Protein chains: 2
Amino acid sequence: MIDDKYLKITKTMLDGVEPIRKTGLDVVECRDWYARLRMPLKGNSNHIGIMYAGSLFTLGETAGGAVIPVAFDYNKYFAIVKDAKIRFKRPAMSDITMEVNMSKEEADRIVNGVEEKEKCDFVLELELKDINNDVVAVMSGTWQARKIPPGMKLPWTD
Amino acid sequence: MIDDKYLKITKTMLDGVEPIRKTGLDVVECRDWYARLRMPLKGNSNHIGIMYAGSLFTLGETAGGAVIPVAFDYNKYFAIVKDAKIRFKRPAMSDITMEVNMSKEEADRIVNGVEEKEKCDFVLELELKDINNDVVAVMSGTWQARKIPPGMKLPWTD
């Protein structure tokens with residue numbers, strides 16, 4: 001389930017980025033410190049019915065955006081992705097889900113880093129799983145948290 | 001320009017994978033041993049007008065498919081991506097292009113490997129560039145070439 005307080009922000013974040021919106025990616029669970037996202041197979045498969053590698057990458061990449069509202073003040077901080085690596089382990093033949101979570105200690109470290117030095121890197125290790133709970137891909141990425149600059153227009157600040 | 005002999009195969013390859021087709025990715029040059037692909041900014045930007053990381057990854061990932069027709073017999077061999085890493089170096093604020101090429105020696109190594117052992121890995125190092133020729137992202141991936149199994153239906157074998 002999705003906590004009411006995250007409903008608008010998660011939808012706005014997803015809908016605000018056209019290439020993500022076109023994939024049909026959805027947030028299926030969302031609460032403090034935790035989110036679970038799902039990429040549908042429909043519309044994301046290659047010519048032999050397996051989920052396209054780029055759609056799997058997109059699912060993983062949204063972790064950095066999904067963790068912001070559940071672990072940070074999303075009106076103060078945002079994150080950009082710096083690098084990512086993904087390893088494809090088996091054909092993705094169903095909808096694929098991914099969990100992302102963050103501890104309060106890690107969020108505190110990041111917020112303190114941003115307040116002191118304007119930016120702070122953080123790493124997320126992600127598993128992308130099919131409906132049988134088998135891992136189809138593993139991804140590791142580095143994101144950088146920053147303060148939202150004054151006057152920066154964000155879809156949820158309208 | 002695109003050599004006539006590659007026109008149908010490149011278009012069919014791109015159109016055959018729905019999530020790639022939706023990005024508007026295009027082949028802008030294609031000849032023996034070489035292809036250049038372009039991801040349009042339009043339709044692939046995030047909420048602040050920069051090309052979305054997942055669209056950049058998709059551009060890079062298509063290198064493994066694009067190299068097949070220009071360097072191999074595409075009715076005999078195909079490639080799957082095993083892993084990839086991408087590093088984002090600067091905001092991508094225009095259409096982005098990527099070149100991919102392969103030497104005859106490398107193609108021979110791969111074909112010999114597939115004929116001997118059914119599969120053969122190859123690595124591509126890619127630079128994604130904006131209209132000022134500045135590198136916005138670098139990507140490195142491992143693909144695996146395989147023989148097309150008898151009876152496998154491919155869009156261009158219809």
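## Where two chains meet

How many salt bridges are there between chain A and chain B? The count is 0. Keep in mind that this is a predicted model. Polar contacts tell another part of the story: 9 residue pairs are in polar contact between chain A and chain B, with both residues at pLDDT 80 or more.

Now for the extent of the interface. The size of an interface is often given as the accessible area lost when the parts come together. Here, chain A and chain B bury about 2500 Å² between them, and 63% of that area lies on carbon and sulfur atoms. A:Lys22, A:His47 and A:Tyr52 supply 24% of the area that chain A buries against chain B, more than any other three residues. The contact takes 32 residues from chain A and 32 residues from chain B.

Three elements of chain A each give two or more residues to the side that touches chain B: helix H2 (18-21), helix H3 (53-61) and strand E3 (77-88). The largest share, 8 residues, comes from E3(A). By type, the residues on this side of chain A divide into 14 nonpolar, 10 polar and 8 charged.

## Two helices inside chain B

Let's look within chain B. The axes of helix H3 (residues 53-61) and helix H4 (residues 63-71) of chain B come within 5 Å and cross at roughly 25 degrees. Angles under 35 degrees count as roughly parallel, so H3(B) is roughly parallel to H4(B).

Which residues meet here? B:Leu59, B:Gly60 and B:Glu61 in H3(B) meet B:Ala63, B:Gly64 and B:Gly65 in H4(B). The residues of this contact divide into 2 nonpolar, 3 polar and 1 charged.

Conventions:
Residues numbered from 1 in each chain as written. Chains lettered and ligands numbered in written order. Predicted model: local features only at pLDDT ≥ 70, side-chain atom pairs only at ≥ 80, totals over all residues. Heavy atoms only, no water. Axes fitted to C-alpha atoms, helices over the stretch in contact; angles between N-to-C directions. Helix = DSSP H or I, 4+ residues; strand = E, 2+ residues; numbered from the N terminus. Parallel < 35°, antiparallel > 145°, perpendicular 65-115°, else oblique. Contact = heavy atoms within 4.5 Å. Nonpolar A, V, L, I, M, F, W, Y, C, P; charged D, E, K, R; others polar. Buried area = accessible area lost by both parts, 1.4 Å probe. Salt bridge = Lys/Arg side-chain N within 4 Å of Asp/Glu carboxyl O. Polar contact = N/O pair within 3.5 Å; in protein donor to acceptor, adjacent residues only side chain to side chain.
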